[in-house]
Amino acid sequence: MTVMTDRRTGLGGWSGRTITGVVLGIFVLFFVIPIVWLLLATTKSAHGLIVDHPFAPGRLADLRTNWDQLFAFQDGAVTTWVANSAVYALGALVITLAASIPAGYALALTRFRFRRALLILTLIVMLIPNTALVLPIFLELNSVGLIGSPLSVILPMSFFPFGVYLTYIYFTTSIPRDLLAAARIDGCTELQVFTKVALPLAAPIVALVAFFSFVQSWNNFFLPFVMLPSSDGYPIQVGLTSLLASTPAFNPSSAGTQSVQLPTLALATVISVLPVLIVFLFAQRFLITGLTAGGTKE
Amino acid sequence: MGEIIRVFRPSRFVSAAGALAVVLALAACGGGKDAGSSTGSYGFPQVAQDDKAEITVWVDADRSGAVDVFKKANPDVPVKVVTYDGSANGSNSFRTKMQLFDRAGSGWPDVVFSSQNNDAAWASQKSNGKQAFAAVLNAGLVPKATLDGFTPGSLNPCTVDGKVYCLRNDLAQVVLWYNKTLLTKFGYAVPTTWEEYQALGEKVAREHPGYIVGTVGDAFAPEIYFWAGKCQANGITGPTSVTVDTGSAQCQRVAGMLDTLIKNGTTPNISVFTPEFVKKYSGKVLLMPGPDWYAGAIFNNPQSLNVPKGQLGVAAPLAWQGDTAATGNVGGGTWFISSHSKNLKAAEKFTQFITTADDYQVNLAPGYPAFAAAAEKWITKQESSGYYATDLQPIVTAGTQIWDGWGSGVFSQEAIWAKTMTPAIANGKSLVELLPEWETAIKNQAQVNGYTVQ
Amino acid sequence: MTAVEQAVRPAAVTRPRPPGRRSAVSYGFIGLYTALTVAFGILPALYAVYLAFTDGTGRFAGLGNFTKVIGDFRFRPAVGHVAYFLLLWLIALVVLVTVLAIVVHAVRLRWLGSTLRLIFYLPRALAGASRVLLWLFLLDPTASPVAGLLRLLGYDSFVEVIVPGHLPPIFAIIAFWTGAGGWIVIMYGALNNISTEVIEAARIDGAGPIQIAWRIQLPMLRKWISYMGIMSLAAGTQLFVEPQLLSQASNAIVPNDYSLNQLAYQYAFQQNDFNGAAAISLLLLVIALALSAVFVLRGGLFETD
């Protein structure tokens, strides 16, 4: 029994740690190498990208050239695109939270007639390929005249069954029902039970759902592509395809004044990713607080 | 499980039926009303016209400069610009968006630029009972003099059943590029026939291994070699009919020639847009049959081969011994006018300007203009740059020699070649033995796209 | 024992169900979500069903669309591709993500754990057109950062790497690289909610880390794992992004009708046949539902304890 006191650390003795280290190391390399390459690629010239060693750092001058080329593209369209993406993603985020958190809570911790039906229906809808849903949604929004407005993108993106399920699972696994029962016994109305008891405990899942909703909206290509006819309203994902179409490597006949080189494309990629990373870092803090928040008294 | 059965209570059916009713209503309202009526004077149903209405123009990034030029020359015409990806790289976005607008019954732009040259095949047809998107141009909308001013044959991809549905922006005729300095250095003569080309390739493999006389790794390789060889792989005979015969003598001779050259390494199975090509063959390209835009895209491009000044020459397309000269074509964009446009006059003015005016086509356009008069001036301008080792008249000649037996169907020949042939060649199979497979693949693809194979 | 102390016990212990309080307020909670579901889920799905059973002009077509798509020469290869991919993808995701999540969770150094999660998540943030560029280079032995590895496997050119036989593993790798991070974050959050007292108790009783993972953490993650299983099934059957981006990167050497979902897209937007597309989508849905049922039942996804 005394031997056990040694096992204080998370993964046991040296052999455990070595194996863990190796496993983690391999996966870290797997995830990180392409990213490092991409970052380095933004600092190279197109020719350098091809002939230089993949991990050789480029030059600051090349980075500046790429930066200039990127923001000269269609007179700074990139900035507009990023701004648009932010508007759509944040708009969808607000509506998603307003819809998903209460819904997940209700599905998990209250009883009402269509509970099972809604769960099953949500699951089914999640499994339907997007291709089939695009046209009907397009027709729907067209019939209310929304095509071309930001709402045509924000509203469909606010439908986030994935988030509802996450919330549902969270509430069923981490919130003790007795806590709610106690609150009810103490005289709280259903609304108060939700706002005063469940919601404060749900900070991690709110952060998680908010984050996933933001990222999904940010990365969504097909919906804005279909709904938005005007290039002013493009989010970054659709704009990137315009960039791609101006890259001779992918579109041979596009050699011309507006040609975009591969490292510039890499730079555009990095820029399109930054907001997501910032939101991620921000949301991470809430995940850690979940460690102490789950199941506390009060 | 009992819970699940409860789902199918009668009340559920009622709500489902109600939902279905809404859906059917949606389906009904999705069907656009044919706004309008009468077949106008231009040979297609027109909507009520308004000469002051703003026109919406869809262009890709490379063509947005063209719109600026138009606006400067015609400040009184209100133009709204939308940039999209030009339907490039297989995205098919032009067709996708127009189909969605068809179903919604509204929203079409007035003028669209497509970087592809096969959009007339679908834009000229009614889809699911809806009016065809493209306006007919040769029934009065565009003056006949203008249409006749295009290089003969350049409007073939735009012509379906004798009606012209689009104007060609640029031509992409295949010519024979060569490195004059290297050829002189090695003592080779520029070939004039494919037989000489093959002989030269064999000689190069013996005497100067590592040098190449062409490539077959691009998706458009069939358009360079097989089209020029008059192979009947893409005989589009009508909007929904096609003949495919890759077993003919013409196809066999091209395949045989390429097999020899692939095997001895002088026409490798590499795409000219890969890092591999630049790394391996910079400075090693002796000859290169390819479209005219290779000059800017590959040779005179610091990011690619970066051939120095005064080395690059161009020769007329090769012919097979005893046969008339013919060549292929790789690309060339097209401009469409929408049949739903409210301001056909302005749309036509724009399109005509864009394809014929010197302000754009000669001064700014990166590619060889399809409009003959502009093309001559464009060539002169290119020659004056002093980059080329020869004059560029072969490009003009080649522009008139594009073989008309290779059509522009809705399905993509390039995609078929890339999917079926390129991996097989990489696996070591010979083109001659792959010809039947190619034919089957083309026929299959044609059929799912609604063509009947004859 | 006060009510509150009782409540602190782990949620996995079955408790008597509290007296049913069917309250109208519940409808208020689900109101907005239900409206969105109806507008963007149910109605479009019904429309898709309507499309699948009618033809282009709206007339009833019975099973015509289904026979047409199943008889398409690209259908059977696409089914094979998706099946093979699904197998690799499911195993990789469910097994590897769970293992990685548990390992990352066990890392004691806070900053290391955070950094690891960030690293694993980074690829997920990269989406869309940008990936085309990335994988074009990654898979080309002449310019790739992992060229050594590719050469070791015997490939000297891009075309050799993307031959049809290699594609399912390649797509599984790409999909895993892009998708694992998100799930690791979710699993990590789920692991956080397992009470540390239980784990401490087990450790005192002599359980090693592997036993703790197997006996305590995994059962508590059951619902999450089954959810992940279902979602990866859905994602797997709807394989689209990876072949599409490789198709663009390779200029169509990887075809744009490789997977069933791509085929549906081709039907809709290349052949202007939304009815065929709807038929394929319904087939995909049925398959995904059937496979999900396994996860739902074994994972107890719909139980509320």
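Residues 24 or more positions apart account for 69% of the contacts in chain C with a separation of 6 or more. Two residues are in contact if their C-beta atoms, placed from the backbone, lie within 7 Å. Chain C holds 15 helices and 0 strands. Helices (H or I, at least four residues) and strands (E, at least two) are DSSP runs, numbered from the N terminus. Of the 305 residues in chain C, 55% are buried. A residue is buried if 20 or more other C-beta atoms lie within 10 Å of its own, exposed if 12 or fewer, and partly exposed in between, with C-beta atoms placed from the backbone.

This is a predicted model, in which local features need pLDDT of at least 70 and side-chain atom pairs count only at pLDDT 80 or more, while totals for chains, interfaces and linings use all residues. Residues are numbered from 1 along each chain as its sequence is written, and chains are lettered from A and ligands numbered from 1 in the order in which they are written.

Turn to chain A. Its secondary structure comes to 14 helices and 0 strands. Buried residues make up 55% of its 298 residues. Among contacts in chain A between residues at least 6 apart in sequence, 73% join residues at least 24 apart.

Chain A is assigned domain 1 (2-71) and domain 2 (74-293). Such bounds come from an automatic or database domain assignment. The centres of the two domains of chain A, taken over C-alpha atoms, are separated by 28 Å. Domain 1 of chain A brings 14 residues to the contact, and domain 2 of chain A brings 12 residues. On the domain 1 side, α1 (14-41), α2 (46-51) and α3 (60-72) of chain A each give two or more residues. The largest share of that side, 6 residues, comes from α3(A). By class, the domain 1 side divides into 8 nonpolar, 4 polar and 2 charged residues. Here Ala, Val, Leu, Ile, Met, Phe, Trp, Tyr, Cys and Pro count as nonpolar, Asp, Glu, Lys and Arg as charged, and the others, Gly among them, as polar.

Next comes the contact of chain A with chain B. It takes 38 residues from chain A and 36 residues from chain B. Several elements of chain B supply at least two residues each to the side that touches chain A, including α2 (10-30), α3 (64-73), β2 (79-83) and α4 (93-104). That side of chain B has 18 nonpolar, 12 polar and 6 charged residues.

Chain B itself is divided into domain 1 (55-171 + 331-370) and domain 2 (174-328 + 403-453). Their centres, taken over C-alpha atoms, are separated by 29 Å. In the contact between them, 17 residues of domain 1 of chain B meet 12 residues of domain 2 of chain B. Helix α5 (residues 120-123) of chain B gives the most to the domain 1 side, with 3 residues. The classes on that side are 7 nonpolar, 9 polar and 1 charged.

Now the strands of chain B. An open sheet is formed by 3 strands in the order β8-β9-β13 (chain B), with mixed pairing. Strands β8 (232-238) and β13 (452-453) of chain B stand at the edges with a single partner strand each, so one side of each is left without a neighbour in the sheet. Two strands pair if DSSP finds at least two bridges between them. Strand β9 (residues 241-245) of chain B pairs with β13(B) in the parallel sense over 2 bridges. Across this pairing, Val242(B) stands opposite Val453(B) in β13(B). Helix α18 (residues 431-448) of chain B packs on the sheet and touches β8, β9 and β13 of chain B. The direction of α18(B) makes about 170° with that of β9(B).

Helix α18(B) has a helical partner too. The axes of α10 (residues 249-263) of chain B and α18(B) come within 8 Å and cross at roughly 135°. Axes are lines fitted to C-alpha atoms, for helices over the stretch in contact, and angles run from 0 to 180 degrees between N-to-C directions. From α10(B), residues including Cys251(B), Ala255(B) and Leu258(B) take part in the contact with α18(B). From α18(B) come Leu431(B), Val432(B) and Leu435(B). This contact has 6 nonpolar, 2 polar and 1 charged residues.

One more strand pair remains. Strand β7 (residues 174-179) of chain B runs antiparallel to β11(B), joined by 4 bridges. Tyr178(B) stands opposite Gly313(B) in β11(B). Within β11 (residues 312-315) of chain B, Leu312(B) and Val314(B) point one way, while Gly313(B) and Ala315(B) point the other way. All of these β11(B) residues are buried.
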